Structures are given as C-alpha cells and as structure tokens.
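Welcome to this short briefing. Please have a look at the chain below before reading on.

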Amino acid sequence: QVQLLESGGGLVQAGGSLRLSCAASVRTFSSYSWFRQTPGKERESVAAISWSGGGTYYVDSVKGRFTISRDNAKNTVYLQMNSLKPEDTAVYYCAAGRYGLRTDVYGYEVWGQGTQVTVSS
C-alpha cells in the first residue's frame, strides 16, 4: 500500500519559516502537490511539482514565499515556507498523482494524513 508520510508542521510567529516534508513509500507517481484546508473551506492547491521535469505550480498567494522541491534519492517532496502569514494557518496535505500538475483534488490518488501549520500574529 502506497503511503505518504508528512512532517514539519507546527506553530510559528508571523514572518517565520517552516519546512514540510512528504516521504513516499514508493516512487510511482509523476506529480506531487501540497494542499491546505481550513474549517469550512475547500481544500486548496498551494504548490505542485512534476517529478521528472521539475515543473512547478504555485497559487498566487504564496508566490515568492513558498518553494516546492524534491529529492529523488529519498522519494521526498518538500515545501519550504518563508515569510509566513496568519492566513497561511491551515492543515497542509501532501498528495501524489499521475495526471500532471493538476490543481484540483481529483488529480491526486494518494493523500497524506495532514499536518497542522499555525501562524500567530
């Protein structure tokens, strides 16, 4: 069974940084994405990366602050989050799929358990 194991969430003050990690048990997916969700809202794609070519996607609200990257040897995807804002507070989910840099939840087949990121003002 394919699994995605997330880590790196926590509590940070506004302006601070966190790095999220997503370790995949197998390397069978062509794209990975980080989504986030707050209570009462739909899950939002924050960033995505193509495993082979390294193409990336960022939602406008995080451009210039967040960076998605991958480590082929470790089957791990990272989300470096800098200059964090209170509005970045959410549960962040890692997702893996085979349908390119999709931004909708239906483009991803496997999901992590989620990690809480809380940014205090």
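Which residues of β11 make up its covered face, and which its uncovered one? The covered face consists of Thr115, Val117 and Val119, while Gln116, Thr118 and Ser120 form the uncovered one. Please keep in mind that this is a predicted model.

**Around β11**

- Strand β2, which spans residues 10-13, pairs with β11 in the parallel sense, and four bridges hold this pairing.
- Within β11, Val117 is the residue that Gly10 stands opposite.
- β9 and β11 run antiparallel and are joined by three bridges.

**An open sheet**

- Four strands form an open sheet in the order β1-β3-β8-β7, and their pairing is antiparallel.
- The edges are taken by β1 (4-7) and β7; each has a single partner strand, so one side of each lacks a neighbour in the sheet.
- From one strand to the next, the twist averages 15°.
- β1 and β3 run antiparallel, with four bridges between them.
- Glu6 has Cys22, in β3, as its bridge partner.

**The nonpolar core**

- The largest nonpolar core has 29 residues, and those touching the most other members are Tyr32, Trp34, Leu79, Met81 and Tyr92.
- Two or more residues of this core come from each of β3 (18-24), β4 (31-37), β5 (44-50), β7, β8, β9 and β11 (115-120).
- As background, nonpolar side chains tend to be buried together in soluble globular proteins.

**Salt bridges**

- In general, side chains of opposite charge can pair when their charged atoms come close.
- Asp88 and Arg65 meet through their side chains in a salt bridge, at 2.8 Å from N to O.
- Asp88 sits in the loop between β8 (76-81) and β9 (90-97), and Arg65 in the loop between β6 (56-58) and β7 (66-71), so this pair ties together parts 23 residues apart in sequence.
- Are these two partners buried or exposed? Asp88 is buried, with a relative accessible area of 0%, and Arg65 also counts as buried, at 10% relative accessibility.
- Glu44 forms a salt bridge with Arg36, and their closest N and O atoms are 3.0 Å apart.
- Arg36 is buried, at a relative accessible area of 8%, whereas Glu44 counts as partly exposed, at 29% relative accessibility.
- The side chains of Glu109 and Arg98 form a salt bridge as well (2.7 Å, N to O).
- Both Glu109 and Arg98 lie in the loop between β9 and β10 (110-111), 11 residues apart.
- Glu109 is partly exposed at 34% relative accessibility, and Arg98 is partly exposed too, with a relative accessible area of 44%.
- Arg36, Glu44, Arg65 and Asp88 belong to one network, joined by salt bridges that share partners.

Terms used
Residues are numbered from 1 along each chain as its sequence is written. This is a predicted model: local features need pLDDT of at least 70, side-chain atom pairs count only at pLDDT 80 or more; totals for chains, interfaces and linings use all residues. Side-chain values use heavy atoms; hydrogens and water are left out. A salt bridge is a side-chain nitrogen of Lys or Arg within 4 Å of a carboxyl oxygen of Asp or Glu. Buried means under 20% relative accessible area, exposed over 50%, partly exposed in between (1.4 Å probe, protein chains only). A nonpolar core is a set of buried Ala, Val, Leu, Ile, Met, Phe, Trp, Tyr and Cys residues joined through side-chain atoms within 4.5 Å. Two strands pair if DSSP finds at least two bridges between them. Axes are lines fitted to C-alpha atoms, for helices over the stretch in contact, and angles run from 0 to 180 degrees between N-to-C directions.
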